[in-house]
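Please examine the sequence and the structure shown here.

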Amino acid sequence: MTTPTELEALDRQYLLHPHQRTDRTDRTLIVRGKGCLVWDTEGNEYLDAMGGGNWAAQVGHGRPELAEVAAQQVGELEYFTSFTDFTNDKAVLLAERLVKLAPGNLGKVFFTNGGSESVETAIKAARLYHFRRGQEDRNWIIARHYGYHGTTLGSGTLTGFPPMQHGVGPVLPHVEKVMAPVPYHTELYGGQDVTDYLINELEETIARIGADKIAAMIGEPVIGGGGIYIPPDDYWPRVRAVLRNHGILLIADEIVTAFGRTGAWFDSAQRGIQPDIITTAKGITSGYIPLGAVLMTDEIAEILSGPESFFHGHTYFGHPVACAVALRNIDLIQDENLLLGSQKIGSWLSAALEPAKDLPFVGDVRVVGATVGIELVADKATKATLSHPFVENIVDEIRHAHGVIVRPYPNTIVLAPPLVLDEEQAFRAAGAIIDVLSRVRGDNDLAPR
């Protein structure tokens, strides 16, 4: 039997991890999970306040209902293509379910294996839609600074973090970024109303590029990886009006926000976004199996599936096991009223984190549904940020000292727990964060416990 020490050595020898710094040689081998708790090979228990570490575990870990439906589907049909005229019952039923849950008039579904593929599909769909309507030059995409859309070439180009594009050579052409609403940082808007500033910038950007050259704009309803920034109420309705006036499609990236994360099936509905396309993944299966989906209007789908067909797709499109798990996962979210559960978690975390606002290095605490961003600053007056490596060290201390798993994005501590988190666990997570943050004495200076 391979020991934990041997597994760690094998990991260092054979695995290249995302976001792994070369100066970090330690490993935490998670081998079991139940509800909001996970355990490593040494038997140490952790409270998962980050949805499997990646915003995904809506219904919690170790659900026998999902294991059973996956095993049953594997026994009946593990895989068969859904290309051309082939299909399977679970893909059909899941597509129907998603359309009925989605806002607006999104009537068609295209399956992917995850979030980055969903965004890549949306880019191609938006460009091809205009091309087949005789507008061949409409191939620009407007994205936003602070937005996160994935790590593949196209989705990574749209992502508003410069390190994502650094050193990888030419990125996707015809992508323009505008500022996003980050209301805490009023200095970004020159004293203007946030939405007024952003709408003016958007109009100027469209005029500079030319509306007849822009295919779509993409944005997260609530910015996730950029630091949990909640837009002003008038932001998305006004963006929608501008885009509609210029014939530009609106893509809502709901890879994080859908399936209860912010307290709704899709966050678009409560923001007034009225998207033409929605990209999603993560919570669609609670992370139990890879799956993503792109929802689009019938008009877009009809043009994509015209005589030339949509020459695009992935081997595991509509994978029957993934779709079966997604259907049961959606049942659990609905039957256990986890949309309301998300809102309750938000209220618990808001109350529990209230004392954190008085700590000298906490600039802002933002809560939307079961999602929290705690922005750390070196100085509250100037809003100068703590260094990202130090914020990573703070997150490590929260885990090692208290067994609570959260994540740093980039100088913001983020929580996105399973939607089955209970009140005691919410206060445990908040207490761990407050304890560690109360020991911060300055950038790169953390007092011992």
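This is a predicted model: local features need pLDDT of at least 70, side-chain atom pairs count only at pLDDT 80 or more; totals for chains, interfaces and linings use all residues.

**Strand β9 and its partners**

Strands of a sheet pair through backbone hydrogen bonds, in a parallel or an antiparallel manner. Strand β9, residues 277–280, pairs with strand β8, residues 249–253, in the parallel sense, and 3 bridges join the two. Within this pairing, Ile251 stands opposite Ile277 of β9. Strand β9 also pairs with strand β10, residues 292–297, this time in the antiparallel sense and over 4 bridges. Here Thr279 stands opposite Val294 of β10.

In a regular strand, side chains alternate between the two faces of the sheet. In β9, Ile277 and Thr279 lie on one side, while Ile278 and Thr280 lie on the other. Are these four residues buried or exposed? Each of them is buried, and both faces of β9 are therefore covered, given that buried means under 20% relative accessible area.

| Residue | Loop | Relative accessible area |
|---|---|---|
| Asp276 | between α9 (268–271) and β9 | 15% |
| Thr285 | between β9 and β10 | 1% |

Asp276 counts as buried because its relative accessibility of 15% falls under 20%. A polar atom of the Asp276 side chain lies 2.8 Å from the backbone nitrogen of Leu250. The residues that Asp276 touches, leaving aside those up to four places away in sequence, include Leu249, Leu250, Leu295 and Met296.

Thr285 is likewise buried, because its relative accessible area of 1% is under 20%. Which residues does Thr285 touch, not counting those up to four places away in sequence? They are Leu66, Leu291, Ala322, Val325, Ala326 and Asn329. The C-alpha atom of Thr285 is separated by 12 Å from that of His61, although the two residues are 224 residues apart along the chain.

**An open sheet of 4 strands**

An open sheet has 4 strands in the order β1-β2-β3-β14, with mixed pairing. Its edge strands are β1 (30–34) and β14 (404–405), each of which pairs on one side only. Strands β2 (residues 37–40) and β3 (residues 45–48) form an antiparallel pair over 3 bridges, in which Val38 stands opposite Tyr46 of β3. Helix α14, residues 423–437, packs on this sheet and touches β2, β3 and β14. The direction of helix α14 makes about 100 degrees with that of β3.

Conventions: Residues are numbered from 1 along each chain as its sequence is written. Side-chain values use heavy atoms; hydrogens and water are left out. Buried means under 20% relative accessible area, exposed over 50%, partly exposed in between (1.4 Å probe, protein chains only). Two strands pair if DSSP finds at least two bridges between them. Contact means heavy atoms within 4.5 Å. Axes are lines fitted to C-alpha atoms, for helices over the stretch in contact, and angles run from 0 to 180 degrees between N-to-C directions. A polar contact is a pair of N or O atoms within 3.5 Å; within protein, one must be able to donate a hydrogen and the other to accept it, and residues adjacent in sequence count only if both atoms are side-chain atoms.
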